[in-house]
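Take a look at the model below. This report walks through its core, one of its helices and one of its loops.

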Amino acid sequence: MSRDPVCGMRIDESKAAAKSEYKGKTFYFCCTKCKDSFAKEPSKYAAKVDIDSLKDQLH
Ligand SMILES: [Zn+2]
């Protein structure tokens with residue numbers, strides 16, 4: 001499972017509506033709208049998803 005970096009939704013890679021690569025990492029999105037938001041400010045959202053995955057490990 002991955003996480004949509006824009007809205008925070010958990011995404012099944014095989015069912016992702018859109019995906020994008022940034023700095024060698026692949027990001028998955030629930031819809032193309034989220035992908036568009038990511039494309040505008042990738043560094044902002046890429047940093048956010050790192051924090052979210054850290055939180056997941058703590059649970
Ligand atoms: Zn989304």
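## A residue in strand S4

Phenylalanine 29 lies in strand S4. Helices (H or I, at least four residues) and strands (E, at least two) are DSSP runs, numbered from the N terminus. This is a predicted model: local features need pLDDT of at least 70, side-chain atom pairs count only at pLDDT 80 or more, and totals for chains, interfaces and linings use all residues. Residues are numbered from 1 along each chain as its sequence is written.

Is phenylalanine 29 buried or exposed? It counts as buried, because it has 26 C-beta neighbours inside 10 Å. The cut-offs are these: buried means 20 or more other C-beta atoms within 10 Å of the residue's own, exposed means 12 or fewer, and partly exposed is in between, with C-beta atoms placed from the backbone.

Which residues does phenylalanine 29 contact, leaving aside neighbours within four places in sequence? They are Asp4, Val6, Ile11, Ala16, Ala17, Ala18, Lys19, Cys34, Lys35 and Phe38. A contact needs C-beta atoms, placed from the backbone, within 7 Å. Lysine 19 is 10 residues away from phenylalanine 29 in sequence, and their C-alpha atoms are 5.8 Å apart.

## The whole chain

The chain has 4 strands and 2 helices. From the N terminus, the order is β-β-β-β-α-α. Of its 59 residues, 19% are buried. Take the contacts between residues at least 6 apart in sequence: 33% of them join residues at least 24 apart.

## The largest nonpolar core

A nonpolar core is a set of buried Ala, Val, Leu, Ile, Met, Phe, Trp, Tyr and Cys residues joined through C-beta atoms within 7 Å. The largest one here has 8 residues: Val6, Ile11, Phe27, Tyr28, Phe29, Cys34, Phe38 and Tyr45. Strand S4 (25-29) and helix H1 (32-40) each give two or more residues to this core. S4 gives the most, with 3.

Tyrosine 45 touches Pro5, Val6 and Phe38, not counting residues up to four places away in sequence.

The buried residues of H1 are Cys34, Lys35 and Phe38. They line one face of the helix, because they fall within an arc of 100° seen down its axis. That arc is taken from the directions from the helix axis to the C-beta atoms. On the other side of H1, Thr32 and Lys40 are exposed.

## A loop residue

Lysine 23 sits in the loop between strand S3 (18-22) and S4. It counts as exposed, because it has 8 C-beta neighbours inside 10 Å. Its phi is near 50°, a positive value in a residue other than glycine. Most residues other than glycine have a negative phi.

Terms used: Two residues are in contact if their C-beta atoms, placed from the backbone, lie within 7 Å.
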